[in-house]
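Biologist: I would like to learn how to read a model like this one, feature by feature. Could you take me through the general idea each time, and then through the case at hand?

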Amino acid sequence: MDPILEGAVEVRSHLGPDDERTLADDVLDGLTRPLKELPPKHLYDARGSELFEAICELPEYYQTRTERSILQAHADDIAARTGAVELVELGSGSATKTRVLLDAMAAAGTLARYVPVDVSASTVHAVAELFADEYDGMSVYGLVADFERHLERLPEPIGPRLVPFLGGTIGNFPPGSRRRFLRSLGKVLGPDGHLLLGTDLVKDPHVIEAAYNDSTGVTAQFNLNVLHVVNRELGANFDVDAFEHVAFFDREREWIEMRLRATEPQRVRVEALDLEVDFAAREEMRTEISAKFTADRLRGDLAAAGMELVELFTDPDELFAVSLARVA
Ligand SMILES: C[S@@+](CC[C@H](N)C(=O)[O-])C[C@H]1O[C@@H](n2cnc3c(N)ncnc32)[C@H](O)[C@@H]1O
């Protein structure tokens, strides 16, 4: 057990030169594939994180408010059933919904520590300071880290832990790596910990597609932001104005695909990689998948990862689900 100081705040960064390498490797790998691709985690620099927050407020983006309402309805029950003393939140972002859980743990008298983990340094620092001020006596240990590579850097548990992985972020993994990732979470939970997994549910494709094609164009800006990231970090010269946002529901795979489509032929140079790639007119590059779930898919994924579903909470319209799970 780590000794923790009541009310202490600490933020550690595990992202450094290696991570520029990760971006470089991902860009080299992704831009030289037959269907060009960039992994979604690179969407979230400080600007990308701000844009994502704006997306969460959009009327079309039902996910955030629905997930919040589910948490509000069940947080006390979750706090009581898990007896959690700490929250280790993966991909915490601005953690607006997390308050609902922290409040319930505080009311139950168990809340001792919050551990936000995100690649976005700005959000981890902001949330660590804000929450340390708001929750008297709770310590905060923030981790600026990649949850796919740095889970072993998490601090030792201080008691039963609850690991929220909210916002449907698990849907960004393709099915095989999703199960592998869930399995790696089993180690983070330990024998008395619980996972709290937020997932968007399969529903009318028009409702899903509208959430990723908002009328104000914020989602388009969020998507295009990845080109600014690559231009800035790797000295690339993407002409951002010559790409447009595309999002569609793949009915067979039951996932949303976000892409960027070149509106005209373009040759892009990536200085740091000494790489030149051509985009044909209307060529598309994949920037995110967001898988949608059914109860069966959730059970199957959890079982394949050595976990069991304790309870599946949903909203009256069955738009979104929050699953409480533990190691089987
Ligand atoms: C869809 S947003 C969800 C944010 C928040 N949890 C919510 O529910 O609104 C995904 C979050 O995960 C973070 N993220 C994405 N990939 C990551 C990775 N590999 N490691 C750590 N954080 C990551 C992003 O920076 C972003 O804050």
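Modeller: Let us begin with burial: a residue is called buried under 20% relative accessible area, exposed over 50%, and partly exposed in between, with a 1.4 Å probe and protein chains only. By that rule, 55% of the 328 residues of the chain count as buried. Please keep in mind that this is a predicted model, in which local features need pLDDT of at least 70 and side-chain atom pairs count only at pLDDT 80 or more, while totals for chains, interfaces and linings use all residues. Residues are numbered from 1 along each chain as its sequence is written, and side-chain values use heavy atoms, with hydrogens and water left out.

Biologist: How does the radius of gyration of the chain compare with that of a compact globule?

Modeller: The radius is taken over C-alpha atoms, and the globule rule is 2.2 Å times the number of residues to the power 0.38. For 328 residues the rule gives a value near 20 Å, and the chain agrees with it, having 20 Å. Along the principal axes, the C-alpha atoms fill a box of roughly 60 × 45 × 35 Å.

Biologist: What does the secondary structure of the chain come to?

Modeller: Helices (H or I, at least four residues) and strands (E, at least two) are DSSP runs, numbered from the N terminus. On that basis the chain has 9 helices and 13 strands. As for contacts, meaning heavy atoms within 4.5 Å, residues 24 or more positions apart account for 74% of those with a separation of 6 or more.

Biologist: Which residues touch the most other members of the largest nonpolar core?

Modeller: A nonpolar core is a set of buried Ala, Val, Leu, Ile, Met, Phe, Trp, Tyr and Cys residues joined through side-chain atoms within 4.5 Å. The largest one here has 41 residues, and L31, L227, F238 and F279 touch the most other members. Among the elements that each supply at least two residues of this core are α1, α2 (46–56) and β7 (243–250), whereas its largest share, 8 residues, comes from α8. If neighbours within four places in sequence are set aside, the contacts of F238 include L31, L227, F279 and M285. Another core lies apart from this one, with 32 residues, including L90, V163, L189 and F293.

Biologist: Is T22 buried or exposed?

Modeller: T22 counts as buried because its relative accessibility is 15%. It is placed in helix α1, residues 17–31, and it touches K41, H42 and R149 when residues up to four places away in sequence are not counted.

Biologist: And where does L312 lie?

Modeller: L312 is in strand β12, residues 307–314, and it counts as partly exposed because its relative accessibility is 26%. Beyond its neighbours within four places in sequence, L312 is in contact with A295, L298, A321, V322 and S323. From L312 to A325 there are 13 residues in sequence and 8.6 Å in space, C-alpha to C-alpha.

Biologist: What is phi of A95, and what is phi of R282?

Modeller: A95 has phi near 55 degrees, a positive value in a residue other than glycine, and R282, likewise not a glycine, has a positive phi near 70 degrees. A95 lies in the loop between β2 (86–90) and α4 (98–108) and is buried, with a relative accessible area of 4%. R282, by contrast, is found in the loop between β10 and β11 (284–291) and is exposed, at 54%.
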